[in-house]
Amino acid sequence: STHLLLNNPASSLPATNKQLPIMIPRSIRNVVARTNIRGFRSYNRRMAIYGSVTDLVGHTPVVKVNKMAPEGVSLYAKLEYFNPLSSVKDRLALAIIEHGEKTGELKPGQTVVEASSGNTGIALAMVCAAKGYPFVCTMAETFSIERRRVMRGLGAKVIVTPKELKGTGMVLKAKELAEEHGWYLTRQFENEANPAYHAMTTGPEILSDFASLPLDYWVTGYGTGGTFTGAGKVIKQARPDTKIVLSEPANAALVSSKIPQPADEKESHPSWEPHPIQGWTPDFIPKVAQEGVDLKLFDEIVPVTGEEAISVSKDLASKEGIFTGISGGATAAAALKICEKAPTGSVVLCMIPDTGERYLSSPLFADVGIEMDEEELKIAKSTPSAQLLP
């Protein structure tokens, strides 16, 4: 690895004397440098023709939230579902696979294995399909079934683990399989390529997009912690006045508890309880996330309940046309809490990690019917033709 002290990527922004050490493996710098789509040297939005689906990863758009923010405060959302397989984890998957290739740890044709709540598994299934690696995902049975189907549709094998063993169970299963079969374990929760890639792409993208605007608050949740730690280092160094807000489930507030993660990898964090915000906060504090916590990158932690996350996700869809999952609703809910107390004129940016289509069998869509409701039936009956009545 190479210690890289990133200077301000946007020359118009103030520098700070406090430089944060950002671990950028040389393999990751090579990955980013080979295309201007993901690098911070150039910010051309889109080309017309690409050599591979993996070349579409990154450079996701930022859009304004027009109807939900309080008057006098500007709220923006970075839509990570514009990545090719519709989540922020496409960045992680490309980073750790190409890091493995460059370092020689991943051999040609070797099977890749990882534990995932779904988005990382889907992203890895995409990257492995494009590059010719078999992929096996271990996933706890509590996560939405459409995630299993998407992975299997991409050619992956999905090994479902008992819900009683939680996230630690699926992680241990992946490690066992890697050891037993000689597979390549990507180690998303501790792999240095994860935050390094966000430091080279996500953070600089944000700085570029807000080069001519203030950015008073940046709001994110965490799963592995890659976005928080990687992008957070770059944002904090380039724009020290930007407040970084970390959010986590109110009933699984691991970082807020200030209780260290147990040393035994089979043991869950004592503050964890089951929550519906899939992709957020496993039952342990990942090493990648802990790095950001130890560096004190966040200025504030905002807890969000599952009910708040689901409600805001629905509002984003129906009021803004932003179709995101429960984790996106949770991040936006935290951002809205910040907006309520932020000074007039403040600018707030929140991360939207994935698409709502990953949650069709989850509580997010529990009250969304398949058959026509009374209002729809009334509309159907308002003209004489093509009536499909119960």
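Predicted model: local features only at pLDDT ≥ 70, side-chain atom pairs only at ≥ 80, totals over all residues.
Residues are numbered from 1 along each chain as its sequence is written, and side-chain values use heavy atoms, without hydrogens or water. Local features need pLDDT of at least 70 and side-chain atom pairs count only at pLDDT 80 or more, while totals for chains, interfaces and linings use all residues.

Q: Why are α6 and α8 called oblique to each other?
A: Helix α6 (residues 193-200) and helix α8 (residues 226-238) pack at about 40 degrees, with axes 7 Å apart. Axes are lines fitted to C-alpha atoms, for helices over the stretch in contact, and angles run from 0 to 180 degrees between N-to-C directions. Angles under 35 degrees count as roughly parallel, over 145 as roughly antiparallel, 65 to 115 as roughly perpendicular, and the rest as oblique. The pair α6 and α8 is therefore oblique.

Q: What makes N194 of α6 and G226 of α8 part of the contact?
A: Contact means heavy atoms within 4.5 Å. The contact is made by N194, P195, H198 and A199 of α6 and by G226, T227, T229, G230, A231 and V234 of α8.

Q: How do the residues of the contact of α6 with α8 divide into nonpolar, polar and charged?
A: Ala, Val, Leu, Ile, Met, Phe, Trp, Tyr, Cys and Pro count as nonpolar, Asp, Glu, Lys and Arg as charged, and the others, Gly among them, as polar. The contact of α6 with α8 has 4 nonpolar, 6 polar and no charged residues.

Q: What makes α7 oblique to α8?
A: The axes of helix α7 (residues 202-209) and α8 come within 7 Å and cross at roughly 40 degrees. That angle makes α7 oblique to α8. T202, G203, P204, I206 and L207 of α7 make the contact with A231, V234, I235 and A238 of α8. These residues divide into 7 nonpolar, 2 polar and no charged.

Q: Why is α11 called roughly perpendicular to α12?
A: Helix α11 (residues 306-320) and helix α12 (residues 326-341) have axes that come within 7 Å and cross at roughly 95 degrees. That makes α11 roughly perpendicular to α12. Residues of α11 in the contact include E308 and L316, and those of α12 include I326 and K337. The contact of α11 with α12 has 9 nonpolar, 3 polar and 2 charged residues.

Q: How is the volume of the largest pocket given, and which residues are closest to its centre?
A: A pocket is an open set of points on a 1 Å grid over the protein atoms alone, where a 1.4 Å probe fits, with protein on both sides within 12 Å along at least five of seven lines; lining residues have an atom within 4 Å of a point. A volume is the space filled by probe spheres set on the points. The largest pocket has about 750 Å³. Its lining has 45 residues, with S117, I277, Q278, G279 and W280 closest to the centre. The lining divides into 16 nonpolar, 24 polar and 5 charged.

Q: Which element gives the largest share of the lining of the second largest pocket?
A: That share, 4 residues, comes from α5. The second largest pocket has a volume of about 360 Å³ and is lined by 22 residues.

Notes: Helix = DSSP H or I, 4+ residues; strand = E, 2+ residues; numbered from the N terminus.
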